[in-house]
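Please read these notes with the model open beside them. They are numbered for reply.

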Amino acid sequence: MRDMQYKKEYTQDILIEDLALPEVVSIPISQHMGKSCQPTVKPRDRVLRGQLIGTCEKGICAPIHASISGEVVSIKNMPHSILGMCLSIQIKNDEKDEALDNKFEAKPVQEIDKLNKDELLKIIFDSGIVGMGGAAFPTHIKLNPPKKVDTFILNGAECEPYLTSDYRLMVEKTKEIILGLNLIVKILGVKSVYIAIEDNKPKAIAAFKNAIQNSQYAIRVLKTVYPQGGEKQLTQSVLGKEVPSGGLPFDIGVVVQNVATAFAIYEAAYLNKPLYERVVTVSGAILEHPKNLRVRIGTPISNLIEACGPINGQIAKVVIGGPMMGIAVSSLEVPVIKNTGGVVVFSKDQVRPKEDRVCCRCGRCIDVCPARIMPAMIGMAAEKEKWDIAKDYDVFDCIECGLCSFVCPAKRDLVHLIKYAKARAKI
């Protein structure tokens, strides 16, 4: 949608700052798509920042690391933004912030250039890197696709309203992102490389144009339109190629990766630094000082909101992620995890009352659907528990962007119904 309010002005010019370390972090063993990790520590163990605290021997997974130094006080079920509750490793801060590697000092480019594909993929796995744009798919697997690819797209679209964490990274860490991009290109062995940025990010566009002057990389400046940041939609916008129904970009020779993930790859390879912190946008009109914060994994979102106060009014809803694809949480003790790009706080006058009515068959959801499916029909199939019909309407092609719910005049929660249909149709 071109006419929606993106609300990025709250934080787009706010420099990234470090959030004070919490008294306790709660680090879930599941922060990625795939198999949960198994804890490698136990209560009363002392851990250091960057130390491995959870992994798995096989399957789709990504290890987890301590984000602070201190004592493991418990391993128990705790709030989780996606799963509701999840087994989590709680670490009490000893206020020393001692790192496993003492200092994360940059290695020379010449040393990194000697690493081959397998060595780089091992570094990425050992560092626990996942897709940080939202999907949280383990990066070492994504960068080793089952089919030959010839094109890579660096995703700097950041199309969700309010969120500017990727934008600030692109402006403030341009060189580091490009060094991470170089490693991705080396791993994939691709010849065509595009850096895709929407046109509402002029400083990022200028920074990358200046940084790649003598490079074969190409910048694609795209019209700002939601939900362009989805990898299938971005592939269509950049290359004019459509990913087939039920397929992924690698099916047409393309891999897409988020800029924050490229930055994490840089830190892993050059600094020997695991993924234990990330940049999070904390925004909303109700906050006096919305910010872009560098936050340790496991920090309660209550700490982030407090750092952006005072709060001008009564909080009605807190969404982890963006307002379109994010998830509303019932507890402010939910921790920041690897794919938490934003925390958006809404006041009472911004939240509409729940009015789920019967579909009026206007077709607006079909008109705006970027996946070219029929959300209304899937929604009705879900209400009748007709999972075979939901499959017939290509329920699994839905990217859960939220546009159908956004435009529905009957205020039907179509995304909820589609998510429910997906879960039941798999059984």
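1. Four strands form an open sheet in the order S2-S8-S7-S4, with antiparallel pairing. Strand S2 (24–28) and strand S4 (46–47) each have a single partner strand, so each is an edge with one side left without a neighbour in the sheet. Pairing here requires that DSSP finds at least two bridges between two strands. Strands of a sheet pair through backbone hydrogen bonds, either parallel or antiparallel.

2. Two bridges join S4 to strand S7 (residues 70–80), and the two run antiparallel. Val47 stands opposite Gly70 in S7.

3. On provenance: this is a predicted model, where local features need pLDDT of at least 70, side-chain atom pairs count only at pLDDT 80 or more, and totals for chains, interfaces and linings use all residues. Residues are numbered from 1 along each chain as its sequence is written, and side-chain values use heavy atoms, with hydrogens and water left out.

4. Overall make-up. The protein has 14 helices and 17 strands. Both are DSSP runs numbered from the N terminus: helices are H or I with at least four residues, strands are E with at least two. The C-alpha trace spans about 60 × 50 × 45 Å along its principal axes.

5. Contacts and surface. Of the contacts between residues at least 6 apart in sequence, 72% join residues at least 24 apart; contact means heavy atoms within 4.5 Å. The protein exposes about 19,400 Å², and carbon and sulfur atoms supply 50% of it. The areas come from the Shrake-Rupley method with a 1.4 Å probe. Buried residues make up 53% of the 427. Buried means under 20% relative accessible area, exposed over 50%, and partly exposed in between (1.4 Å probe, protein chains only).

6. Which strands are joined to S14 by bridges? Strand S1 (residues 16–18) has three bridges to S14 and runs parallel to it. Ile16 stands opposite Asn292. S13 has six bridges to S14, and that pair is antiparallel. Val279 has Arg294 as its bridge partner. Five of the six residues of strand S14 (residues 291–296) are buried, so S14 is largely enclosed by the rest of the structure.

7. Helix H4 (residues 165–172) has six of its eight residues buried, so the rest of the structure largely encloses it. The buried residues are Ser165, Asp166, Tyr167, Arg168, Leu169 and Met170.

8. Two cis peptide bonds deserve a look. Tyr226 and Pro227 are joined by a cis bond, with omega about 5°. Pro227 sits in the loop between strand S11 (218–222) and helix H7 (231–239). The bond from Gly309 to Pro310 is cis, with omega near 5°. Pro310 lies in the loop between helix H9 (301–307) and strand S15 (315–320).

9. Positive phi values next. Asn272 is not a glycine, yet its phi is near 55°. Asn272 belongs to the loop between helix H8 (259–271) and strand S13 (277–283), and is partly exposed at 38% relative accessibility. Arg361 has a phi of about 60° although it is not a glycine. Its loop runs between strand S17 (342–347) and helix H10 (364–368). Arg361 is exposed, with 62% relative accessible area.
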